[in-house]
Amino acid sequence: MSEEVKKDEVKPASLVEEEIVITEHSGYKVHTGRLPVKDDKGEIEALVFFMAYVKESEKDAAERPLMVVFNGGPGSASLWLHLGAVGPKRVVLNPDGSLPPPPYTLEDNPDSWLQHADLVFLDPVGTGYSRGKDEETEKKFWGVQGDIECLGEVIRLFLTRFERWRSPLYLAGESYGTTRAAGLSGWLTQNGMALSGVILISSVLNFQTLHFDEGNDLPYVLYLPSYAITARYHGKIARRYLNMPQEKFLAEVEKFASGPYAAALFAGDRLTLKDRKAVISQISAYTGLSETYIDRANLRIEHIRFGKELLRDQGTVIGRLDARLVRRSEAKNAERWEFDPSFADIAQPYTSLINDYVRTQLGWKTDARYRVLDGLYNKWKWVDDQGYADTAQNLRTALEQNPHLKVLVTSGYYDLATPYFATEYTLAHLGAPPAQRKNISVTYYEAGHMMYIEEKSLKKLAADVARFMNPPGHSNPPGHS
């Protein structure tokens, strides 16, 4: 049996430590391999795949900032941030982030965050090339707390083996990766690993803000501004709103969402017919949806139904990850979309290029499948008893215990996965002391969930991160920028 096949065996006896592959590139080295996660008896339960970029520098490497990066899902590997915005190589898409024709290519990324910190990309257990000794053992890590503890231990082990305990430590996560980063901020702080900063990209810390469950009206309120700006982008609203400055338009929609709309949902069956008609009329004006459709939906529109309904007359569906991106749909009578057009635009190029890149440029060879986005969401242990997963309080704890901790929060206006108004709501209810709230900065993008696939937003994100990593002596309070 070849060495390549051995790397992917998942029988208990096959989980043994492997040599780390080191490759030299122009101005940096990359360490590629898997770090062990052990049980109380010292036996390896899982191997976590990582790719660490270490920049050549005259400074002592131990003093250079270190940033740990991961995506979300849960069940997603780190390829999106790795080859989209953060690493020294970037997937080439069309300028607006849509899908180019194959073959797909990588290009040098002049805006790589490697100029600010050494980078460690982690793939949680069950993603990428990270594996547990068997699926029963992997389930231990497939949950909010198990995931945090596992990656917290991997970070501790990396700091130890690479002698980086003195390095200023940063976390960067996207989507569920922000849930993880917030949770890790508390775990690392409580385990003596001080953080200098956390970057939350398209964040969700409190899942009550996203789950369209019976009796939970909060998401309908928080999604409305994203529906409105999406309808505006696609030209589906009244001319007076098309010509209104965007900042003024969003302020009006946000005020309506958190005021009359929230009150109407709260009223339930007590809502008068007159008030109901007024609210329906205004939702229709903001979203471009018909009053009949809104009335039939009982004022409550789920994001996937919105994505199917907005351009139904054109036989087109809009993306969930990026509502700017669209696809033709033959299922014109369907209630929900058949697939997410914006994910379809990125899945193939990113998957093919991460597989090629790891083998040919990083020299880590295996016949194993690189698990890009496996279906762990429905296998995830979200809470111990009942309620919604929420790691916002972990972040608050980290801010309270470390007054020097800085947080950068980034949101795309056309993100229907983690809407920006939901992020604002969570931050407004964080409960952090006023002095620590000043350490949180928020910035917005004319793009979607993965704002960096759009070239202008990629440049803006790079500039925002540069300011965050190298502040001019003060931090900006949260607000639209």
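Which helix gives the most to the lining of the second largest pocket? That is α4, with 7 residues.

First, the ground rules. This is a predicted model, in which local features need pLDDT of at least 70 and side-chain atom pairs count only at pLDDT 80 or more, while totals for chains, interfaces and linings use all residues. Residues are numbered from 1 along each chain as its sequence is written, and side-chain values use heavy atoms, with hydrogens and water left out.

The chain overall. The protein chain has 16 helices and 14 strands; these are DSSP runs numbered from the N terminus, with helices being H or I of at least four residues and strands E of at least two. The C-alpha atoms fill a box of roughly 70 × 50 × 45 Å along the principal axes. The radius of gyration is 23 Å, which agrees with the value near 23 Å for a compact globule of 481 residues. That radius is taken over C-alpha atoms, and the globule rule is 2.2 Å times the number of residues to the power 0.38.

Of the 481 residues, 58% count as buried. Buried means under 20% relative accessible area, exposed means over 50%, and partly exposed is in between, with a 1.4 Å probe and protein chains only. The accessible surface comes to about 20,300 Å², and 49% of it belongs to carbon and sulfur atoms; the areas come from the Shrake-Rupley method with a 1.4 Å probe, and for residues only the protein chains shown count as cover. Among contacts with a separation of 6 or more, 72% are between residues 24 or more positions apart. Contact here means heavy atoms within 4.5 Å.

Now the open spaces. On a 1 Å grid over the protein atoms alone, a pocket is an open set of points with protein on both sides within 12 Å along at least five of seven lines, a cavity is a set where a 1.4 Å probe fits but cannot get out, and lining residues have an atom within 4 Å of a point. Points are joined across faces, edges and corners, and a volume is the space filled by probe spheres set on the points.

The largest pocket has a volume of about 820 Å³. Its lining has 33 residues, and Gly73, Arg320, Leu321, Tyr377 and Ala417 lie nearest the centre. β9 (169-175) and α11 (303-309) each supply at least two lining residues. By class, the lining divides into 18 nonpolar, 9 polar and 6 charged residues. The classes are: Ala, Val, Leu, Ile, Met, Phe, Trp, Tyr, Cys and Pro nonpolar; Asp, Glu, Lys and Arg charged; the others, Gly among them, polar.

The second largest pocket holds about 530 Å³. It is lined by 27 residues, with Gly143, Val144, Gln145, Gly146 and Glu149 nearest its centre. At least two lining residues come from each of β2 (28-38), α4 (144-161) and α5 (176-190). This lining has 10 nonpolar, 6 polar and 11 charged residues.

β10 (195-203) and α14 (420-428) are the elements giving two or more residues to its lining, and α14 has the largest share, 4 residues. The lining of this cavity has 7 nonpolar, 5 polar and no charged residues.

α14 itself is mostly covered, with 7 of its 9 residues buried. Those buried residues pack against β10, α6 (218-233), α8 (246-267), α13, β13 (406-412) and β14 (440-445).

Last, some backbone details. Most residues other than glycine have a negative phi, and most peptide bonds are trans. The bond from Gly73 to Pro74 is cis, with omega near -5 degrees, and Pro74 sits in the loop between β4 (66-70) and α2 (79-86). The bond from Pro102 to Pro103 is also cis, with omega near 5 degrees.

Asn298 and Leu299 are in the loop between α10 and α11. Phi is positive for each, near 60 degrees at Asn298 and near 70 degrees at Leu299. Asn298 is partly exposed because its relative accessible area is 37%, whereas Leu299, at 2%, is buried.
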